[in-house]
Amino acid sequence: MRAPRQPGNVVSSRTEKLGLALVAATVLFCYGNLAALLRPFAFERQSSSYYALLADGFMAGRLSFLLEPPAALAKLADPYEPRQRVGIDTGRNMLDVTYYKGRYYIYFGVAPELALFLPFRLLTGAHFSENLAVAIFCSGGYLCSLGFFLGLRRRYFPAAGTGLVWLGAILLGGCNFSLLLLERSHIWEVPIASAYCFSCLGLWVLFLGLEGGRRSLLWLTAASTAL
């Protein structure tokens with residue numbers, strides 16, 4: 001049987017949890033404000049962001065953008081040769097997209113689209129804000145990494161003091177690459193932040209699954225899905 005917890009330990013545990021909640025809230029507050037520093041969060045009916053264009057393509061039953069490339073590209077011997085594209089308007093300076101058989105595709109991965117942009121588009125009819133998406137994914141990654149960190153402490157380092165736990169929570173939120181991503185929060189940062197979020201989620205629930213128990217299969221299934 002587990003020994004009853006002493007009153008002093010109860011106070012310490014409550015203090016630790018309160019401090020952790022304060023640290024986490026501060027980190028999330030800073031993430032949100034940093035993401036909105038250069039431009040406010042916007043939910044537009046029409047948007048030229050790549051994940052917005054991909055959402056419209058998905059809703060039309062396509063894996064590509066609805067935006068059609070110039071017909072002149074299809075007539076080139078090699079449409080991927082920059083010198084052959086001189087003088088052809090490729091449409092709003094479409095950088096970092098893949099042109100294939102007369103359509104534009106995104107090659108960053110569809111995880112952010114399926115997890116956030118497409119559901120929001122279907123539910124509201126508006127496009128989700130890229131910089132808010134980066135803030136959400138970075139916040140999710142931080143919270144999952146914090147959960148993983150606390151799980152490791154509980155299982156392997158139960159004697160670690162409250163001060164070390166608070167310090168770890170601060171470092172997890174302030175000494176990663178999220179601050180750099182949140183400074184820009186454009187199309188390139190969305191998939192990186194998404195990968196950070198789902199990787200940390202996968203590690204955390206994998207750890208929970210390997211601990212055993214009645215929910216181990218559920219945790220392992222969640223880890224497989226996240227990864």
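At 44% relative accessibility, Leu167 counts as partly exposed, a class that lies between buried (under 20% relative accessible area) and exposed (over 50%), with a 1.4 Å probe and protein chains only. The model is predicted, so local features need pLDDT of at least 70 and side-chain atom pairs count only at pLDDT 80 or more, while totals for chains, interfaces and linings use all residues. Residues are numbered from 1 along each chain as its sequence is written, and side-chain values use heavy atoms, with hydrogens and water left out.

**Surface patch**

- Leu167 is placed in helix 6 (residues 162-174), where helices are DSSP runs of H or I with at least four residues and strands are runs of E with at least two, numbered from the N terminus.
- Together with Leu164 and Leu171, Leu167 forms a nonpolar patch on the surface with about 290 Å² of accessible area; patch members have over 30% relative accessible area and no salt bridge, and nonpolar side chains are joined within 5 Å.

**Nonpolar core**

- The largest nonpolar core has 43 residues, of which Tyr50, Phe65 and Tyr142 touch the most other members; such a core is a set of buried Ala, Val, Leu, Ile, Met, Phe, Trp, Tyr and Cys residues joined through side-chain atoms within 4.5 Å.
- Several helices each supply at least two residues of this core, including helix 1 (7-35), helix 2 (50-59) and helix 8 (189-210), and the largest share, 9 residues, comes from helix 5.
- Leaving aside neighbours within four places in sequence, Tyr142 is in contact (heavy atoms within 4.5 Å) with residues including Val23, Val27, Tyr31, Leu172 and Tyr196.
- In soluble globular proteins, nonpolar side chains tend to be buried together.

**Cysteines**

- The structure holds 0 disulfides, a disulfide being a pair of cysteine sulfur atoms within 2.5 Å.
- The closest cysteine sulfur to that of Cys144 belongs to Cys197 and is 5.4 Å away, which is too far for a bond.
- Cys200 is likewise in no disulfide, with the sulfur of Cys144 as its nearest at 6.6 Å.
- Both Cys144, at a relative accessible area of 10%, and Cys200, at 13%, are buried.

**Backbone**

- Most residues other than glycine have a negative phi.
- Lys101, which is not a glycine, has a positive phi of about 50 degrees; Lys101 is placed in the loop between strand 1 (98-100) and strand 2 (103-105) and is exposed, with a relative accessible area of 70%.
- Ser185 has a positive phi of about 55 degrees and lies in the loop between helix 7 and helix 8, where Ser185 is buried at a relative accessible area of 0%.

Note on methods: Patch = residues over 30% accessible without salt bridge, like charges linked within 9 Å, V, L, I, M, F, W, Y side chains within 5 Å. Areas by Shrake-Rupley, 256 points an atom, 1.4 Å probe, with all protein chains shown as cover. Salt bridge = Lys/Arg side-chain N within 4 Å of Asp/Glu carboxyl O.
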